[in-house]
Amino acid sequence: MSVTEILFTPLLKADPGRPLITHYDDAAGTRIELSRATVKNWAAKTANWLRDEHDVEPGDPVAVLLPAHWQTVGLLLGAWWCGARVVSAGFSAAKVAVVPPGGTADADVVAVASLHPMGLGSGAPVDYADDVRVHGDDFMPWAPVAGSTPALDESTVDEVVAQARELGTALGTEPRVLSTLEWDSPSAVLEGFLAVLAAGGSLVQVSNPDAGLLAARRESEKVTRQLG
């Protein structure tokens with residue numbers, strides 16, 4: 001099974017309405033909250049988009065060159081769901097890359113994610129948010145993803161899951177995690193995102209954090225752990 005099926009699907013089945021990510025951008029003054037069910041829809045659309053529109057097969061490299069953001073959550077889970085190997089900027093080429101507005105990448109297809117708080121498109125020729133909307137809210141893999149399939153840079157599915165579970169044990173059971181970590185490396189993706197899933201928790205992710213707001217936010221969001 002894929003990273004998504006192992007770490008995320010059990011959470012979805014247990015309580016689809018529970019928040020998975022609450023994203024703040026302190027520079028823009030925005031707050032967006034997505035349930036597990038809503039994230040599942042974005043992930044399924046992404047998996048269908050990658051496989052059906054761009055022929056991504058298990059092990060194919062997909063570069064996710066985005067900051068920690070709710071759109072990045074759907075993209076990561078969708079890429080893993082179809083078996084893609086999520087790679088960082090250090091890899092020389094990818095089959096598909098998703099970049100922020102103004103970003104570039106060495107890839108066969110470069111799509112732009114607007115990072116708009118409401119998910120609006122960027123107007124780019126290949127636009128992640130606009131393109132995935134036409135794809136289905138459910139995804140069915142054509143074949144199971146093997147545990148030996150590369151999933152995050154050099155690490156396989158089995159290795160990523162094991163690392164996420166090890167990190168997740170330090171967070172407690174079903175934690176509410178506030179994080180200012182950026183997902184700019186495989187280790188940061190593991191610590192700041194996948195470990196939260198492995199612990200059965202939810203994430204309060206803050207972009208452009210205002211240090212003066214964090215204490216009140218920890219209280220209002222009922223945070224039990226903080227990263228960053």
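Student: Which strands does helix 8 lie across?

Tutor: In this predicted model, helix 8, made of residues 211-220, lies across strand 1, strand 9, strand 10 and strand 11, and it runs at about 170° to strand 9.

Student: And in what order do the strands of the open sheet come?

Tutor: The open sheet is formed by 5 strands in the order 2-1-10-9-11, and their pairing is mixed. Strand 2 (30-35) and strand 11 (225-227) stand at the edges with a single partner strand each, so one side of each has no neighbour in the sheet. On average, neighbouring strands of this sheet are turned by 15° against each other, if direction is ignored.

Student: How many bridges join strand 9 to strand 10?

Tutor: There are 4 bridges between strand 9 (residues 176-179) and strand 10 (residues 202-207), and these two strands run parallel. Within that pair, V177 stands opposite L203 in strand 10.

Student: What does helix 7 touch when it packs on the sheet?

Tutor: Helix 7 touches strand 1 (19-25), strand 9, strand 10 and strand 11, and its direction makes about 160° with that of strand 10.

Student: Where is the kink in helix 7 centred?

Tutor: The kink, of about 30°, is centred on G192. Helix 7 (residues 186-198) spans only 16 Å between its end C-alpha atoms, whereas a straight helix of 13 residues would span 18 Å at 1.5 Å a residue. G192 is also one of the buried residues of helix 7, which include F193, L194 and L197 as well. After the helix comes G200, which has a positive phi near 75°.

Student: Switching topic, which residues touch the most other members of the largest nonpolar core?

Tutor: In that core of 61 residues, they are V3, L77, W80, F193, L194 and L197. Helix 4 (residues 70-81) contributes the largest share of this core, with 8 residues. Leaving aside residues up to four places away in sequence, L77 touches T4, F8, V39, A43, F193 and L197.

Student: How far does helix 4 reach from its first C-alpha to its last?

Tutor: Helix 4 reaches 17 Å, which is close to the 16 Å expected for its 12 residues at 1.5 Å a residue. The residue G83, which follows this helix, has a positive phi near 90°.

Terms used:
Residues are numbered from 1 along each chain as its sequence is written. This is a predicted model: local features need pLDDT of at least 70, side-chain atom pairs count only at pLDDT 80 or more; totals for chains, interfaces and linings use all residues. Side-chain values use heavy atoms; hydrogens and water are left out. A nonpolar core is a set of buried Ala, Val, Leu, Ile, Met, Phe, Trp, Tyr and Cys residues joined through side-chain atoms within 4.5 Å. Buried means under 20% relative accessible area, exposed over 50%, partly exposed in between (1.4 Å probe, protein chains only). Contact means heavy atoms within 4.5 Å. The expected span of a helix is 1.5 Å times one less than its number of residues. The bend at a residue is the angle between axes fitted to the seven residues ending there and the seven starting there. Two strands pair if DSSP finds at least two bridges between them. Axes are lines fitted to C-alpha atoms, for helices over the stretch in contact, and angles run from 0 to 180 degrees between N-to-C directions.
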